[in-house]
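Hi everyone, thanks for coming. Let's look at one structure together, starting with its aromatic residues and then moving on to a helix.

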Amino acid sequence: MGDASGRLEGVIAAAKQAPGRGLPPVHLWNPPNCGEIDIVIRKDGTWFHEGTPIGREALVRLFSTVLRKDPDGFHLVTPVEKMKITVEDAPFIATRVDREGEALKFLTNVGDEVTAGPENEIRVEMDAQTGEPRPYLHVRRGLEALIARPVFYELVEMAKERQTADGPRLGVESAGAWFPVGPAGAHRL
């Protein structure tokens with residue numbers, strides 16, 4: 001696997017190549033798979049390296065720009081290597097939502113600003129064990145943010161009922177798209 005700190009330096013260097021606040025073109029890079037690196041993104045959005053939280057917010061933001069989801073999992077990608085990491089749920093957390101005209105704009109824990117719409121859908125799964133909603137927002141190229149509970153409550157407050165093939169559902173509109181925020185009829189229980 002090589003020297004972990006050297007490999008992290010390579011990731012940092014690759015991430016810093018992005019122009020301005022742009023994202024590195026990780027979707028265009030096809031480096032060889034170099035195994036795994038001991039980085040875990042916990043369910044609460046905290047990044048850990050070798051069991052220790054990565055405390056530097058700027059470093060987490062930088063790593064988030066070279067994160068890619070491939071069919072075999074999540075990887076940090078540079079032009080010369082690809083290292084698999086562990087993601088317990090979604091790699092990001094949506095920590096804020098604002099209504100701006102006809103759009104819902106979200107902010108993630110790593111600084112991404114995302115407008116929900118046809119390209120960035122909101123989806124809500126129901127947790128099989130708890131029956132609790134697990135809401136997600138597509139951020140970019142298959143990467144999602146778990147919508148934090150207080151933010152989800154704001155969405156539910158904004159939601160309006162709509163008749164669907166499954167019955168009446170609550171949902172929100174953003175950028176011309178409509179997203180249900182719960183199962184049919186749940187809001188009438």
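First, a term: I call a residue buried under 20% relative accessible area, exposed over 50%, and partly exposed in between, using a 1.4 Å probe and protein chains only. This is a predicted model, where local features need pLDDT of at least 70 and side-chain atom pairs count only at pLDDT 80 or more, while totals for chains, interfaces and linings use all residues. Residues are numbered from 1 along each chain as its sequence is written, and side-chain values use heavy atoms, with hydrogens and water left out.

So, how many aromatic pairs does a search of the whole structure find? One. Rings of Phe, Tyr and Trp (its six-membered ring) pair if their centres lie within 6.5 Å; planes under 30 degrees apart are stacked, over 60 edge-to-face, the rest tilted. Trp47 and Phe63 are stacked, at 6.3 Å centre to centre with 25 degrees between the planes. They link distant parts of the chain, 16 residues apart: Trp47 sits in strand β2 (residues 47-49) and Phe63 in helix α2 (residues 57-64). Helices (H or I, at least four residues) and strands (E, at least two) are DSSP runs, numbered from the N terminus. Trp47 counts as buried because its relative accessibility is 1%, and Phe63 counts as buried at 1% too.

Now for helix α3, residues 149-158, where Val151, Phe152 and Leu155 are buried. They share one side of α3 because they cover an arc of only 100 degrees around the axis, taken from the directions from the helix axis to the C-beta atoms. Turned away from that buried side is a face with the exposed residues Pro150 and Glu157.
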